[in-house]
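Have the structure open as you read.

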Amino acid sequence: MSAALVTGASRGIGRAIACALAARGDRVAVHYGADRSAAEETVRAMAGTGHVIVGGDLSDPEVAAEIVRTADEALGGVDILVNNAAVAPNDENRHGVDEVDYEAWQAAWRTIVDVDLLGAAHMTYLVARRLIDREAPGFVVNVGSRGAYRGEPDFPAYGAAKAGLHAFGQSMAVALAPHGIVVTSIAPGFISTDRQTENIEGTAGEHLRAQSPFGRVGTPDEVAEAVLFLSSPAAAWSSGGVLDFNGASYLRS
Ligand SMILES: NC(=O)c1ccc[n+]([C@@H]2O[C@H](COP(=O)([O-])OP(=O)(O)OC[C@H]3O[C@@H](n4cnc5c(N)ncnc54)[C@H](OP(=O)(O)O)[C@@H]3O)[C@@H](O)[C@H]2O)c1
């Protein structure tokens, strides 16, 4: 039984990951950004006991430190960190270079990079240092994106932040291996979270399903299953890897 901290577990993929870890027997710190009641809903859906809720904006390094301190103390040491929280692409933060003014461009980059890349970097530092101090092995799993490779023309900051997250995970895999800490990333393609329902059921749905030769999109539970593996001892030799997770919708060389 391990203790895990899953960021952005108040909904979507993070919620599925928290539920899967709990079903495996792990105790989980369920992190939310702003929506505590959604995090409470996640905990209600989880098996087992001893789970805790931690909240706060990961763009603030001091808040990140407080989240890790609270989770670590409540769980008696965090062994698994899943960097899942992100400012994901939406209509409000679209910032195509030919669409937005310079001010909006800067704002989108700041918001997305602060959470999706710097937030994950700070969380990794904070959890890794505690693992190193108590000479405990552990796992860091970054939830990246296919967009890092395929490009995100309407959300370039998102694509760049996810590419940075994958690269950061590779650096950390090397730096933390001597401490017995395994670091991997997963790069999902389109996943059928609640926030994507409108896209999937709308006119774009057929096009989205056709991205994969399987003729469908991925599910949060499938991502969660992969994270179960990546946060298990069997994944030690995957350290430094970035797992493509897109139903063969995008093949990188
Ligand atoms: N869904 C997809 O198709 C897809 C594809 C590829 C990769 N991904 C990646 O998978 C991960 C989860 O995606 P999702 O679709 O499940 O996302 P989502 O439904 O938008 O959920 C995002 C989560 O991140 C939290 N969050 C957002 N901003 C935050 C901030 N400033 N500080 C702290 N927490 C914050 C949210 O918390 P609150 O709601 O409580 O504020 C929420 O729990 C992300 O890293 C995303 O980039 C998703």
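Q: How do the residues of the lining of the second largest pocket divide into nonpolar, polar and charged?
A: This is a predicted model, where local features need pLDDT of at least 70 and side-chain atom pairs count only at pLDDT 80 or more, while totals for chains, interfaces and linings use all residues. Residues are numbered from 1 along each chain as its sequence is written, and side-chain values use heavy atoms, without hydrogens and water. Ala, Val, Leu, Ile, Met, Phe, Trp, Tyr, Cys and Pro count as nonpolar, Asp, Glu, Lys and Arg as charged, and the others, Gly among them, as polar. On that scheme the lining splits into 6 nonpolar, 8 polar and 3 charged.

Q: Which residues of the lining lie nearest the centre of the second largest pocket?
A: The search runs on a 1 Å grid over the protein atoms alone: a pocket is an open set with protein on both sides within 12 Å along at least five of seven lines, a cavity is a set of points where a 1.4 Å probe fits but cannot get out, and lining residues have an atom within 4 Å of a point. The pocket holds about 220 Å³ of space, a volume being the space filled by probe spheres set on grid points joined across faces, edges and corners. Its lining has 17 residues, and nearest the centre are Val217, Gly218, Phe245, Asn246 and Gly247.

Q: Which helix gives the most to the lining of the largest cavity?
A: The count is 1 cavity of 30 Å³ or more, and the largest cavity has a volume of about 60 Å³. Helices are DSSP runs (H or I, at least four residues), numbered from the N terminus. Both α4 and α6 (156-176) supply at least two lining residues. With 4 residues, the top contributor is α4.

Q: Which side chain has an N or O atom 2.8 Å from an oxygen atom of the ligand?
A: The ligand is surrounded by 30 residues (a heavy atom within 4 Å). Ala34 places a backbone N or O atom 2.9 Å from a ligand oxygen, and Asp57 places a polar side-chain atom 2.9 Å from a ligand nitrogen. The 2.8 Å distance to a ligand oxygen belongs to the side chain of Lys162.

Q: Is Asp72 buried or exposed?
A: Buried means under 20% relative accessible area, exposed over 50%, and partly exposed in between (1.4 Å probe, protein chains only). Asp72 has 12% relative accessibility, so Asp72 counts as buried.

Q: How far apart are the closest N and O atoms of Glu222 and Arg216?
A: Glu222 is partly exposed at 27%, and Arg216 is partly exposed at 40%. They form a salt bridge, with closest N and O atoms apart by 2.7 Å.

Conventions:
A salt bridge is a side-chain nitrogen of Lys or Arg within 4 Å of a carboxyl oxygen of Asp or Glu. A polar contact is a pair of N or O atoms within 3.5 Å; within protein, one must be able to donate a hydrogen and the other to accept it, and residues adjacent in sequence count only if both atoms are side-chain atoms.
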